[in-house]
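Q: Hey, I'm new to this one. Can you walk me through its charged pairs?

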Amino acid sequence: MVRQFRWAAMCLLSGLSAAPLWGATALQCVPYARIVSGVEIRGDALTWWDQAAAQYKRGQKPKKGAVLAFRPAGPMTLGHVAVVSRLLDDRRVLIRHANWSVPGAIEEDVLAIDVSDAGDWSQVRVWHSPTGQMGARTNPTFGFIYPAKAKLREFTPDPALGSSVRFARVDRDQWDEERLPAAMATRGAAPAYARGPATLPQRKPVPKLEADPFIVEYADSAPSQRTLSAIIADVKRETRLN
């Protein structure tokens, strides 16, 4: 019991600055993006942009198969990488990525929206599966890394890469009814769908993922303000339950 508690506390404390609390056993975004995109870069996601300079073309326009590299921000201290699976228009793409909404989870063909003033994809919002809506947080990005050959590769779960939860693939057509945030419709050159009627037609439900109630700081969640003693109390409770 004591040994279990020490291990759990150590993992929890070391993971406060990174994305999931139990990241040692969860599939990370880097190996998933590397396999799906074919971009052969290793190391933390925040290093991909600089590493790519010597190996791949980079830019600010989305392309199918490109890797969108996120800057470190908030609880996402190691950055993030996602793969573009489809272009919807200048401001909307579908992406495939892992370890975003819930530790280890794979989200396929979910929406990412460019909310930057310049329209250069330097600020994005990403679909949050547990709540079935766009995430509330604005995420800064470096830009896109383009593989030599744009091709989406299938990902086969591998225990050596960490455990994962696979989503049912989202119906791509349903995103045609998902608009930009209302605030963007006032910026002048918003696309037609951003200026559409306030009431949207009925659309197919989007698959959701049940979030782990013990995850207190993650992806689109607000940074936790809990004290260290409260976190340790949670670890003790988890140990007793297990």
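A: Here is a short chat about the salt bridges.

A: Heads up, this is a predicted model: local features need pLDDT of at least 70, side-chain atom pairs count only at pLDDT 80 or more, and totals for chains, interfaces and linings use all residues. Residues are numbered from 1 along each chain as its sequence is written, and side-chain values use heavy atoms, with hydrogens and water left out.

Q: How many salt bridges turn up in the whole structure?
A: Four. A salt bridge here is a side-chain nitrogen of Lys or Arg within 4 Å of a carboxyl oxygen of Asp or Glu.

Q: What does Glu-108 pair with?
A: Arg-166, at 2.5 Å from N to O. Glu-108 belongs to strand β5 and Arg-166 to strand β9 (residues 165–166), 58 residues apart, so the pair links distant parts of the chain. Strands are DSSP runs (E, at least two residues), numbered from the N terminus.

Q: Is Arg-166 buried or partly exposed?
A: Partly exposed, because its relative accessibility is 36%. Glu-108 counts as buried because it has 5%. Buried means under 20% relative accessible area, exposed over 50%, and partly exposed in between (1.4 Å probe, protein chains only).

Q: OK, and which residue does Asp-109 meet?
A: Arg-96, with 2.9 Å from N to O. That pair joins strand β5 to strand β4, 13 residues apart. Asp-109 is at 0% relative accessibility, so it counts as buried, and Arg-96 counts as buried at 5%.

Q: What about Asp-114?
A: Its side chain forms a salt bridge with Arg-91 at 3.3 Å, N to O. Arg-91 sits in the loop between β3 (80–89) and β4 (92–98), while Asp-114 is in strand β5 (residues 105–114). Both Asp-114 and Arg-91 are buried.

Technical notes
Helix = DSSP H or I, 4+ residues; strand = E, 2+ residues; numbered from the N terminus.
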